[in-house]
Amino acid sequence: MSEINRIKETPTISRNVIGETAMSEAVQKNNTQSVPEYFGKNVFNLQTARKYLSDKAYKSLSATIKDGGRLDPDIADEVADAMKNWAVSKGATHFTHWFQPLTGTTAEKHDSFITWDGLGGVIQWCAGQGEALPFRDASFDGALAARLLLHVADPAAVLGELARVLRPGGRLVTMDWDFDTVAVDHSNRELTRRLLHWRCDHYGGNNWSGRQLWRQMTAAGLSSVRALPIISVARGEQDSLTLSLLRAAQVARDGGGITPGEHDAWVAELRAALSTGCFFASIVYFIVIGER
């Protein structure tokens, strides 16, 4: 049976796996590597195809995989030859094609912990303690901790772990708000200050975390530390800061920081401003970047 006929008989090909070699030895699990490092290393995927195919054939094949259409018969011979040469380079002694239709509508257990990167590789998802990350030293080129450190008991320990798993020259980006920078357009300045200060000091973690990131990153041994303040503005009822302010009034009332009457009056003015399009509030987030 010719190569083209075999392709025609299988109208759907895998979106993620084009072909796989029959290796002389089974691939053994390497516990010293992370999943993205070894996943698909013996699979002829798009990253491999780019190295073995002409630009025209690669674009056609890539479009077939991503759009779910038929493989163009005009490139069948080139694809088959590329897959054979790749398999031989990997040590294969016997070779066959197996085009398996995968719809993507179901997932096996291991698929629930990974995300396809679109090129035949994966991004691994895992959960762990920030104070004891489940990765070896110098594993990553970058790390991000957004709205995290304000909620942990020991930010120094978490930052130490994030720095540990970075490769030399790797970059750590942190971001937290500073709730004491909240500005609200309200007629009752004294009540607004009292309400916001109570919320800042008694609810939702370390609400000064944003202003502390520079010091903490420097203490963690990171270099070239720099900060970028970002002002977030709220104008609408469903904006996250607006919802946070309404929640702040509620917890301040429930915690005794303001009276129920003060709560009702303060919220009523906010809702009136929202209804007329005159509401305004803002908060500063601090993005702090450092290098290993």
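# Terms and values in a predicted model

Author: The protein chain exposes about 16700 Å², and carbon and sulfur atoms supply 53% of this area. Accessible areas come from the Shrake-Rupley method with a 1.4 Å probe, and for residues only the protein chains shown count as cover. The model is predicted: local features need pLDDT of at least 70, side-chain atom pairs count only at pLDDT 80 or more, and totals for chains, interfaces and linings use all residues. Residues are numbered from 1 along each chain as its sequence is written, and side-chain values use heavy atoms, with hydrogens and water left out.

Reader: How many helices and strands does the protein chain have, and what makes a run of residues one or the other?

Author: There are 10 helices and 8 strands. Both are DSSP runs numbered from the N terminus: a helix is H or I over at least four residues, a strand is E over at least two.

Reader: Why is Asp178 called buried?

Author: Buried means under 20% relative accessible area, exposed means over 50%, and partly exposed is in between (1.4 Å probe, protein chains only). Asp178 has a relative accessible area of 1%, so it is buried. In the protein chain, buried residues make up 37% of the 292 residues.

Reader: What makes Asp178 and Arg211 a salt bridge?

Author: A salt bridge needs a side-chain nitrogen of Lys or Arg within 4 Å of a carboxyl oxygen of Asp or Glu. The closest N and O atoms of Asp178 and Arg211 are 2.4 Å apart, which meets the rule. Asp178 lies in strand β6 and Arg211 in helix α8 (residues 209-219), so the pair ties together parts that are 33 residues apart in sequence. Arg211 is partly exposed, because its relative accessible area is 39%. By this rule the count comes to 10 salt bridges.

Reader: How do you know that Asp137 forms a salt bridge with Arg164?

Author: Their closest N and O atoms are 2.7 Å apart. Asp137 lies in the loop between β4 and β5, while Arg164 lies in helix α6, so this pair ties together parts 27 residues apart in sequence. Arg164 has a relative accessible area of 22% and is therefore partly exposed. Asp137, Glu161 and Arg164 are linked in a network of salt bridges.

Reader: What makes a group of residues a nonpolar core, and how many residues has the largest?

Author: A nonpolar core is a set of buried Ala, Val, Leu, Ile, Met, Phe, Trp, Tyr and Cys residues joined through side-chain atoms within 4.5 Å. The largest has 28 residues, and those with the most contacts inside it are Val184, Leu195, Leu245, Trp266 and Phe279. At least two residues of this core come from each of β6 (166-184), α7 (189-202), α9 (240-254), α10 and β8. The largest share, 7 residues, comes from α9.

Reader: Which residues does Val184 touch?

Author: Contact means heavy atoms within 4.5 Å. Leaving out residues up to four places away in sequence, Val184 touches Thr192, Leu196, Leu245, Trp266, Leu270, Phe280 and Ala281. For the protein chain, residues 24 or more positions apart account for 76% of the contacts with a separation of 6 or more.

Reader: Why is Phe280 called partly exposed, and which patch is it part of?

Author: Phe280 has 37% relative accessibility, so it counts as partly exposed. Phe280 lies in the loop between α10 (260-276) and β8 (281-291). With Ile231 and Val233, Phe280 forms a nonpolar patch on the surface, with about 280 Å² of accessible area together. Patches take residues with over 30% relative accessible area and no salt bridge; like charges are joined within 9 Å, and nonpolar side chains (Val, Leu, Ile, Met, Phe, Trp, Tyr) within 5 Å.

Reader: What is the phi of Ala138 and of Arg147?

Author: Ala138 has a positive phi of about 55 degrees although it is not a glycine. Arg147 also has a positive phi of about 55 degrees and is not a glycine. Ala138 is in the loop between β4 (122-124) and β5 (140-146), and Arg147 is in the loop between β5 and α6 (155-164). Ala138 has 32% relative accessibility, so it counts as partly exposed. Arg147, at 31%, counts as partly exposed.
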